[in-house]
2 protein chains.
Amino acid sequence: MIAKTPQPPYYAVIFTSVRTALEPSEYGQMAQKMEEMARLQPGYLGFESARNDLGITVSYWDSEEAIRNWKAQLEHRLAQKMGKERWYQSYKVRVAHVERDYDFGVES
Amino acid sequence: MIAKTPQPPYYAVIFTSVRTALEPSEYGQMAQKMEEMARLQPGYLGFESARNDLGITVSYWDSEEAIRNWKAQLEHRLAQKMGKERWYQSYKVRVAHVERDYDFGVES
């Protein structure tokens, strides 16, 4: 679903990744858990995700501080699970400041 | 593939969409053509795309001007094809300034 974000400005974290072939069902559970955790974070604004060979997840946040807190939680969790090397062949994270938006057919 | 973007800062256009069920093969051709056109634009830095129910395409650009030029081309093309209403149930475009990035396992 297209995330119902507020009027800009706000922040986006663009997470682009290539998966390993390991443990697809465990990975799926982890990814769902991550999204549930994100929703509970202060400053969370929304979440969008799609995956083919490449996976793209964009999460939206109201401040840099919210992103830092989320990253700390995520790394803690991934470290616990030893997830980084197991689940991802490669990934890139880009932190961006959303300056403007426009849409078509989106209920507001 | 994860786009090989330069050191930030640069710009990202996050295009999130829900497709109609119409003309999947024609849509696929159009999407591929769009990507080819983007690559030829001045200021183009990279392109990432994934689709399930939701589609996410992120294109990267070196300036706001490059984004404006690309948008003008895109709208011209979509208008020619009457694509917006036919291909998309809804979409949202967010223009964002990428401030920092980090990665894992990405060749540089």
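This is a predicted model: local features need pLDDT of at least 70, side-chain atom pairs count only at pLDDT 80 or more; totals for chains, interfaces and linings use all residues.

Colleague: Which residues touch the most other members of the largest nonpolar core?

Modeller: Val58(A) and Val58(B), out of the 26 residues in that core. In chain A, strands S1 (10–19), S3 (54–61) and S4 (88–104) each supply at least two residues of this core, and strands S1 (10–19), S3 (54–61) and S4 (88–104) of chain B do likewise.

Colleague: Now the two chains. What rotation superposes A on B?

Modeller: A rotation of 180 degrees, with 0.0 Å of shift along the axis and an RMSD of 0.0 Å. That is the relation of a two-fold axis.

Colleague: And why do you say the copies meet through the same surface?

Modeller: Because 100% of the interface residues of chain A are also interface residues in chain B.

Colleague: How many residues are in contact across it?

Modeller: 44 residues of chain A, with 44 residues of chain B. The area buried between the two chains is about 4000 Å², and carbon and sulfur atoms give 57% of that. Arg94(A), Tyr102(A) and Phe104(A) supply 19% of the area chain A buries against chain B, more than any other three residues.

Colleague: What about charges, how many salt bridges go across?

Modeller: The rule finds 8 across the interface of chain A and chain B. Among them, Lys92(B) pairs with Asp101(A), where the closest N and O atoms are 3.5 Å apart. There are also 25 residue pairs in polar contact across the interface.

Colleague: Which element gives the largest share of the side of chain A that touches chain B?

Modeller: S4(A), with 17 residues. S1, strand S2 (44–51), S3, helix H2 (64–81), helix H3 (83–87) and S4 of chain A each supply at least two residues to that side.

Colleague: Switching topic: is Ser17(A) buried or exposed?

Modeller: Buried, because its relative accessibility is 1%, under the 20% cut-off. Ser17(A) lies in strand S1 of chain A.

Colleague: Which side chain does the Ser17(A) side chain make a polar contact with?

Modeller: That of Arg51(A), at 2.7 Å. Beyond four places in sequence, Ser17(A) is in contact with Arg51(A), Asp53(A), Leu54(A), Gly55(A), Tyr88(A), Ser90(A) and Tyr91(A), plus Ile2(B) from the other chain.

Colleague: Backbone next. Is the peptide bond from Pro8(A) to Pro9(A) cis or trans?

Modeller: Cis, with omega near 5 degrees. In chain B, the bond from Pro8(B) to Pro9(B) is cis too, with omega near 10 degrees. Pro9(A) sits in the segment before S1 of chain A, and Pro9(B) in the segment before S1 of chain B.

Colleague: Last one, Glu23(A). What's phi there?

Modeller: Near 45 degrees, a positive value in a residue other than glycine. Glu23(A) is in the loop between S1 and helix H1 (24–40) of chain A, and counts as partly exposed at 27% relative accessibility.

Colleague: And what is phi of Glu23(B)?

Modeller: Also near 45 degrees. Glu23(B) is in the loop between S1 and helix H1 (24–40) of chain B, partly exposed with a relative accessible area of 28%.

Terms used: Residues are numbered from 1 along each chain as its sequence is written. Chains are lettered from A and ligands numbered from 1 in the order in which they are written. Side-chain values use heavy atoms; hydrogens and water are left out. Copies are superposed by least squares on the C-alpha atoms of residues with pLDDT of at least 70 in both. Contact means heavy atoms within 4.5 Å. A nonpolar core is a set of buried Ala, Val, Leu, Ile, Met, Phe, Trp, Tyr and Cys residues joined through side-chain atoms within 4.5 Å. Buried means under 20% relative accessible area, exposed over 50%, partly exposed in between (1.4 Å probe, protein chains only). Helices (H or I, at least four residues) and strands (E, at least two) are DSSP runs, numbered from the N terminus. Buried area is the accessible area (1.4 Å probe) that two parts lose on being put together, summed over both. A salt bridge is a side-chain nitrogen of Lys or Arg within 4 Å of a carboxyl oxygen of Asp or Glu. A polar contact is a pair of N or O atoms within 3.5 Å; within protein, one must be able to donate a hydrogen and the other to accept it, and residues adjacent in sequence count only if both atoms are side-chain atoms.
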